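Subject: Structure for your review

Dear colleague,

Please find the structure below, together with its sequence. My findings follow it, and I would be grateful if you would read them with the model open.

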Amino acid sequence: MAGIVFGVFCVVSVLCAAFTGNLAEVGNALFSGTETAVTLMLSLGGAMCLWGGLLEVLREMGALSRLERLLSPVLRLLFPDLCKGQAANDGADTGLAEITASLAANLLGVGNAATPIGLRAMAILREKRTDPAKMSNAEVLFAVLNTAPPTLLPTTLLTVRHAAGSVMPTAVLPAVWMVSLCGFGFTAVVTRALESAGEGRERK
């Protein structure tokens, strides 16, 4: 679908340029745009490799397990079943470590680095389903929270702003903190409320 929309935009742009006599400008924009895109992708790739590698180093050092303990009050509220399962089964992989790593990556604003970690967490949660044909509450909540994660340091955004020539790339940080926290809180509350309502209907 995205390819179709993008193709329509391109066709409409070329037709408009042809009717207004601006085809030369379209050609210039095409070549300058491709150069800018390559430069931007290299900048984003470097940032993603840096933070993705840092997350793996933190995992090997055991820092993620300490971060999990630090975030345990929040995790107990969001994923009570997983926390109970981990307490009852020491050493069992409940997916909390992967969820914590994904939250850490999102806190750093490296969503691309959080993707493979999030996929591992979803695979573990899928194995623990009581009903193989139905997503568990933990799966639903984790998927929803990954669309609106809290962000402490929006690394990708800061990289893009720096590459675009921003004088103060960090000027947007207060707005990012406020919006991400509000979005995270809203999605968590609404999802948990819908889960409770669904469980109430099932009991009836």
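Does Ala-63 count as buried or exposed? The model is a predicted one, and in it Ala-63 has a relative accessibility of 19%. Buried means under 20%, so Ala-63 counts as buried. The residue belongs to helix α3, which covers residues 63-70. Between the C-alpha atoms of Ala-63 and Ala-101 the separation is 9.8 Å, with the two residues 38 apart along the chain.

As for Ile-99, once neighbours within four places in sequence are set aside, its contacts are Leu-75, Phe-79, Leu-82, Ala-121, Leu-125 and Phe-142.

Finally, the cysteines. A disulfide is a covalent bond between the sulfur atoms of two cysteines. With a cut-off of 2.5 Å between sulfur atoms, the count is 0 disulfides. Cys-16 counts as partly exposed because its relative accessibility is 44%. Cys-182, with a relative accessible area of 53%, is exposed.

With kind regards

Technical notes:
Residues numbered from 1 in each chain as written. Predicted model: local features only at pLDDT ≥ 70, side-chain atom pairs only at ≥ 80, totals over all residues. Heavy atoms only, no water. Helix = DSSP H or I, 4+ residues; strand = E, 2+ residues; numbered from the N terminus. Buried < 20%, exposed > 50% of the residue type's maximum accessible area, 1.4 Å probe, protein only. Contact = heavy atoms within 4.5 Å.
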